[in-house]
Amino acid sequence: MNEAKPRPAEPGAADPLRGLLLAPGYLRTLVLCALVGIPVSLAAFWFLVGMHQLGHLLWADLPQAWGWDAPPWWWPLPLLAIAGVCVGLIATRLPGGGGHIPAAGLHTGGASAAALPGVLLAAAASLPFGAVLGPEAPLIALGSGLALLFRNLVRSAATPQSTALVGAAGAAAAIAAIFGNPLIAAVLLIEVAGVGGPQLFAVMLPALLSSGVGALVFTGFGRWTGLQTGSLALKLPGPLPRLDAPDILWTLLLAVAIGVFVHFVLGAGRLTAAFVPVRTLPRTVLCALAAGGCAALYALITDRAPDEVASSGQATLTALAADPHAWGIGALVAVLLLKGAAYALCLGSLRGGPIFPSLFLGAAAGVLFSSLPGLGFVPALAAGMAASAASALRLPVSSVVLVSLLLGGSAMMPVVILAAVVAFVTTELLPPWPRIPADAGAPADAEARQGAAKA
């Protein structure tokens, strides 16, 4: 009896990937992307340093020079009025309109060489002056724009594939600077690019949710039996919080509530963007001034610093996580409502990114509800940030990775995953708000030149 001989592997099964990797054009693109990372990272570093120094000058050095230990309650009003004037002028008179409107979400499209100065100027006029936005969107535009400019300088082939790859590589190199981690930059750009379209999320959500539930089962069953299965996880020093059934139950309810809240904040941002045509200077100033009014009102009613509402919330998030007991219930409610309102106003009128304010709003909500029976502070903080980020960004995997990196470990990973998935699904099932085109806020070059001539 003749033994059946194993059939040889079909050459087409592995050849496409191997052929792509060995293609001269692709290898040249990889080398170009590696080289692009150097100037882009340097540019991103100095951009962030400049934003930080200017913000410190406006919010710390100037008040102290004039005799105040902290900015007075009215301080955000003139600063954000200046921001509104500058962004309004940039949006109407410079090519590219200062970049896309933040309410439209994150995009990977690079700014052209003509539009890049306007993007940087609009970011400099928004972020240090107290806009409730983060630096990630200008960084993405800076990184991808510089990468494509570098590609043109070395006269590399400009194919659609190479343009997408080089632009994404430049954006990832720039965005890694603000998060301090290349992993979140890569994951974020994969989701933002949306290569797989809706099918990508349709596949990722079940896998993400199943992995979170599986982690819960393994954690609980292992604790109950006392048996070990082996793990690749590193043994980190220090006690880690333990998840219990109330943590999981409250996480699900908190994720739904935060998803609804953030959905309406983003909807208000899109309505603001519809109210403020980018070529209408008075309305841009009005919305920026209203955002400053939210910060001033918060300082008046809570006797706390107005920059807890103004600005991205990155520094305030660190202070909140380090000392949550310094915030009373009234202050937490006030910062949620007023920073949420200022966030919506800035999303539709100024320039920046949506990530850090959404993280802060989620953290504040988590701290507010951490006093619920059986809900720990760390699980509440983790669930709040994950739910808010996933709802605001519509990027559940990036939100999970980002929050896990912020927490410095995987102990809260099941809660983070459940909160992100539940909030994402909740937001997607709610009635949608009107879409904003990705190029909204970017007037045609001819129109921009016309506006500059009139000026």
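**The whole chain**

Start with the cartoon view. Look for helices: the chain has 17 of them, and zero strands. Keep in mind that this is a predicted model.

Now colour by pLDDT. The mean over the chain is 80. Of its residues, 75% reach 70 or more. Select residues 9-14, where the pLDDT is below 50. Beyond near neighbours in sequence, this stretch has zero contacts in the model. Next, select residues 227-238. Here too the pLDDT is below 50. This second stretch has two contacts beyond near neighbours in sequence.

Switch to a surface view. What share of the 455 residues is buried? Buried residues make up 48%.

Then think about contacts along the sequence.

Select residues 245-275, which form helix H9. Give each helix its own colour. The crossing of H9 past H12 is right-handed.

Show side chains where the two helices meet:

- On H9, select Phe261, Val265, Leu266, Ala268, Gly269, Thr272 and Ala273.
- On H12, select Leu336, Gly340, Tyr343, Ala344, Leu345, Leu347, Gly348 and Ser349.

Which classes of residue make up this contact? It has 10 nonpolar and five polar residues, and no charged ones.

**A loop with two positive phi values**

Move to the loop between helix H10 (281-302) and helix H11 (314-322). Select Asp303, which is found in this loop. Its phi is near 60 degrees, a positive value in a residue other than glycine. Is Asp303 buried or exposed? The relative accessible area of Asp303 is 71%, so it counts as exposed, the cut-off being over 50%.

Stay in the loop between H10 and H11 and select Ser311, which lies there as well. Phi of Ser311 is near 75 degrees. That value is also positive, and Ser311 is a residue other than glycine.

Definitions and conventions:
Residues numbered from 1 in each chain as written. Heavy atoms only, no water. Axes fitted to C-alpha atoms, helices over the stretch in contact; angles between N-to-C directions. Helix = DSSP H or I, 4+ residues; strand = E, 2+ residues; numbered from the N terminus. Left-handed = near helix turned anticlockwise from the far one by under 90°. Contact = heavy atoms within 4.5 Å. Nonpolar A, V, L, I, M, F, W, Y, C, P; charged D, E, K, R; others polar. pLDDT = per-residue confidence, 0-100. Buried < 20%, exposed > 50% of the residue type's maximum accessible area, 1.4 Å probe, protein only.
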